[in-house]
Amino acid sequence: MTSGFGLGLRTQHYNDFLAEPQPVDWLEVISDNYMVEGGKPLAMLDKIRAQYPMVMHGVSMSIGSINGVDKDYLRKLKVLEQRVEPMWVSDHLCWSGVHGRNLHDLLPLPYTREALDIVTRNVEQAQEVLQRPLVLENVSSYVEYEQSEMTEWEFLSEVCKATGCRLLLDINNIYVSAFNHDFSPVSFIKGVPVESVTQFHLAGHLNKGDHLIDTHDHPVCDDVWDLYRQALLHFGYIPTMIERDDNIPSLPELIAELDVAREIAREIAREIADDVLNKKIAL
Amino acid sequence: MKLEELQNDFQRALFDTECKSADWISKSAHGLSARDRLDIYYNAYRFRLIDVLLDTFEHTAIYLGDDWFKQLATEYVQTHPSTYKNIGLYGKDFPAFLAEQLADDMEVTELALMDWKLRRAFDGLDSTVMTQDDLQQLAGEGASIYLQAVPTLTMCTQHFNTLDIWNAINQDQTPPAVERLPQPIDMLIWRKGYSPHFRSLSPIESAAIGCIVSGAMLEDIGAKLENDFTDADVATEFGLMLHRWLEDGIICH
């Protein structure tokens, strides 16, 4: 298990990472961007991988599809996994299309027993090919289903229990979904199994007044930083990264934002240590 | 409602010509209506795919102008559901779509085909390029020599001054007026190092590369060119072509 703070590797920053060592502990690569035959993407990946630990993060597995996980996709993902030797491989708890069509989106699932069985089957299939636990990320969502029988965090917990998969908690996605569906983000955080959480994502969103859109094109907002504090207090230290996909700033600007996460984690660590110390003194 | 029915309905709703509400969306008292919630996904699907087309067909988009390109891209998205895991492949049929839509402006299709082939060369299969020394060593061994084209090599034929239009756009200049060429020209597209390359081909070079792609032996290529280009000094031209192919990095092991 790694420690530290990471960033998503983006093409705009290739030269920065190759020019000199950067103060990031690891990099997250979008698996789908490197599931190509050759050329610059794979050459850059190899060069940068030689200098930084990496984790792989996919967007197209469609783990919640009734059709199961595409075998060709899994085979290509496994080839990339063997090339990168990442610390872990993640994708999203969602579906992206059925019957050979792709909607190129992270669509939420209904949280039903039937969906749980299908996701369990698909996660087991993916883990069989990857030969490692899959890490699943909670998505931000704009619809909830009449059919749902449990909360999102209960569903995630059940998937972990059934498959042994792990969780990537996107703190921003929790915040966005909580706003859009009027639930408590802290209930979400407290509702998933502590031992399953492997990674945090932090990102920005767009506030449209009566709803939030998960755009990944803004800096992390104060409310999400506050939720991050609460997540750290609940889970303890978890490897954290800033995810920026659009309106991508310079690397120094992103590293400055990552430093905010580092400082918050230090504050929380001190707070937890003081609390433990005080309890010992009280005893 | 079973998951299969729900996923089918959701997908159908996003492919529909207009966004409608759905009774399986939870009727939350908070915030947006069910239709407005679905509309976020409906619009995101279109925005994402149009964005990919804008990125893939950059020169075509500049040539047509933003509004016209987006109008065509919107129609393409509506009539061509994505079947690709890799969103970068979504534009595969866009040049053919433009040929149908703009049958009187075929330079647009040629421009789109050039954009598409250059983009595909960018992350196409790697190979080890043959050098002059490698070829001399092979020749020294006395065996029959097959020249193998790099896997990213592809050709297309242009009937208009599309290459001039592409170059002008690439240099932020006003593209020239479209003109039909006296004779169609073949274009060679491949990747050298990390960068996609292209250049026009003479008829004899186009024929020679066609032979390589079809797997002909070196001596058979020479014989075919002698037969097809009776007015040419094939031996000299073939030597020059071979030298250039090795320089360009279009022959591999």
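Predicted model: local features only at pLDDT ≥ 70, side-chain atom pairs only at ≥ 80, totals over all residues.
Visitor: What does the secondary structure of chain A come to, and which strands make up its closed barrel?
Guide: Chain A comes to nine helices and 10 strands. Eight strands form the closed barrel, with parallel pairing. From one strand to the next, the twist averages 30°. The order around the barrel is E1-E2-E3-E4-E5-E6-E7-E10.

Visitor: Which residue stands opposite A:Leu167?
Guide: Let's look at one pair of strands. Strand E6 (residues 166-170) of chain A pairs with strand E7 (residues 197-202) of chain A in the parallel sense, over four bridges. A:Leu167 has its opposite residue in E7(A), and that residue is A:Val197.

Visitor: Why does the radius of gyration of chain A agree with a compact globule?
Guide: Chain A has 283 residues, so a compact globule would have a radius of gyration near 19 Å. Its C-alpha atoms fill a box of roughly 60 × 50 × 40 Å along the principal axes. The radius of gyration agrees with the rule because chain A has 19 Å.

Visitor: What percentage of the residues of chain A count as buried?
Guide: A residue needs 20 or more other C-beta atoms within 10 Å of its own to count. In the contacts of chain A with a separation of 6 or more, residues 24 or more positions apart account for 76%. Of the 283 residues of chain A, the buried share is 45%.

Visitor: Which helix gives the most to the side of domain 1 of chain B that touches domain 2 of chain B?
Guide: Chain B is divided into domain 1 (1-104) and domain 2 (117-253), and their C-alpha centres lie 37 Å apart. The contact takes four residues from domain 1 of chain B and six residues from domain 2 of chain B. The domain 1 side divides into two nonpolar, two polar and no charged residues. With three residues, the helix that gives the most to that side is helix H3 (residues 58-64) of chain B.

Methods: Residues numbered from 1 in each chain as written. Chains lettered and ligands numbered in written order. Domains from an automatic or database assignment. Contact = placed C-beta atoms within 7 Å. Helix = DSSP H or I, 4+ residues; strand = E, 2+ residues; numbered from the N terminus. Nonpolar A, V, L, I, M, F, W, Y, C, P; charged D, E, K, R; others polar. Pairing = 2+ DSSP bridges. Axes fitted to C-alpha atoms, helices over the stretch in contact; angles between N-to-C directions. Rg over C-alpha atoms; globule rule 2.2 N^0.38 Å. Buried ≥ 20, exposed ≤ 12 C-beta atoms within 10 Å, placed from the backbone.
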